[in-house]
Amino acid sequence: MKKLILLFNLSIIILFLISGCRNDSTSFNNTYTLVPSETDTINIRLEENSCNFSYYIQYFKSGNTDYLAALNYLNNSIEFYDIKANKLFKTLFIPREGDNTFLDLRSFICEKFDSILLFSMMPPRIGIMDTSGRLLRTIPHDIKIGSLQDGERPLRLGDNVFLPQLHPARESNGVLTSTGQKNSFINLTVDLISGAGSSTPLTYPAELIGQDVSIMRVERVLGYKNVFVYHFGLINSLFLTYDHRTFARVPLETNYNLKLFDDFNPASSVSNYLNDKLLRDEVKCLYYDEFRECYYITIRKREDDRINNSSITTKFQYPECFILVLDKNLKHIGEVHFPKDKYSFRMCFVTEKGLYISEDHINNPGFSEDFMRFRLFTLKRNRDNN
């Protein structure tokens, strides 16, 4: 049986590879687009200590109710919103001292209310908590996980949690060496039953050797037929794996002229560093839509000129993005560009209805700190392609 599963997985990867080969001059048809709903919106009045921006949000369903959970870093809590009723359902405060302490909360996984997974880096551990705030169990692990401070999403499959591992290559001033690459394992698997944790064999792609990986963003998502899809910020491709032992590579198909970080040289000052990043495009997040069997990839669009004022940080928190739509085989089926200063692309989630995108861009004329607002976008076939 295991051999049959392995052969099936290999056949899928080969199909990805064959379908991914193309000439760079190829242009792609926008067969599908994302259409904003005129009426389907979420409009929640916020509590005094809540915010309409969070680096980590998660949609889940419990019974017949749809919930959006948001991490509030300021008060070390998770806020649960009933998005049909447009109101706060519950706030789970995570103690910073005393009983049930869980410091350095970076992200969480909530699939049901009786066991919420919490993740920290200092110290590296997983906590299991119920919605009464009772810490049921902690699972420490010695191997340092990667980057959970910027919306990084731990993934769960059955009783295993898959944690990211990033390698800034500090021993070689950020440049990945051939020796360092052999130890640049990208994933830590933790068994929630036994508590055992181990690095899986798969490492950074060899083509990153000689490049500065200290600023490289690594994104991933669990996609079609439970394939892990990775994007390494210096490479204009997606990487696929089922077992974290081998990669298949698929070119990232888009009509947009991506300019990534492959020629990036770290600057001496923070201002120059941020400007250099803004002058390049960046893949921000990968979403898999299990209901329509497709992927949405948000890509921050580069600035044309350097910025010399305080708005430089706003550009990162509220980036101008376009969304690349790929089918279940990671083939291009559309890309959608949006008006400036309207949507907050760090705040998106997928439901049975479609993709919800936050309208709480700080420069949006309708912006208010007292509300959290989302608009539904549905995937529609373009009329020209009927």
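1. Two strands are taken to pair if DSSP finds at least two bridges between them. On that basis, this predicted model contains an open sheet of four strands, arranged in the order β10-β11-β12-β13 with antiparallel pairing. The two edge positions belong to β10 (155-157) and β13 (197-199); each has a single partner strand, so one side of each lacks a neighbour in the sheet. From one strand to the next, the twist averages 25°.

2. Three bridges join β10 to strand β11 (residues 160-164) in the antiparallel sense. Within this pairing, R156 stands opposite V161 of β11.

3. Which residue forms a salt bridge with R156? The partner is E111, and the closest N and O atoms of the two are 3.8 Å apart. This pair connects distant parts of the chain, 45 residues apart: E111 lies in the loop between β6 (105-110) and β7 (116-121), while R156 belongs to strand β10. Both ends are partly exposed, since the category covers relative accessible areas between 20% and 50%: the value for E111 is 45%, and that for R156 is 25%.

4. The salt bridge between E282 and K277 has a N to O distance of 3.7 Å. Are its two side chains buried or exposed? E282 is buried, at 3% relative accessibility, and K277 is likewise buried, at 12%. Both assignments follow because buried means under 20% relative accessible area.

5. In the salt bridge of D289 with R292, the closest N and O atoms are 2.5 Å apart. The two residues fall into separate accessibility classes: D289 is buried, with a relative accessible area of 0%, whereas R292 is partly exposed, at 26% relative accessibility.

Technical notes: Residues are numbered from 1 along each chain as its sequence is written. This is a predicted model: local features need pLDDT of at least 70, side-chain atom pairs count only at pLDDT 80 or more; totals for chains, interfaces and linings use all residues. Side-chain values use heavy atoms; hydrogens and water are left out. Axes are lines fitted to C-alpha atoms, for helices over the stretch in contact, and angles run from 0 to 180 degrees between N-to-C directions. A salt bridge is a side-chain nitrogen of Lys or Arg within 4 Å of a carboxyl oxygen of Asp or Glu. Buried means under 20% relative accessible area, exposed over 50%, partly exposed in between (1.4 Å probe, protein chains only).
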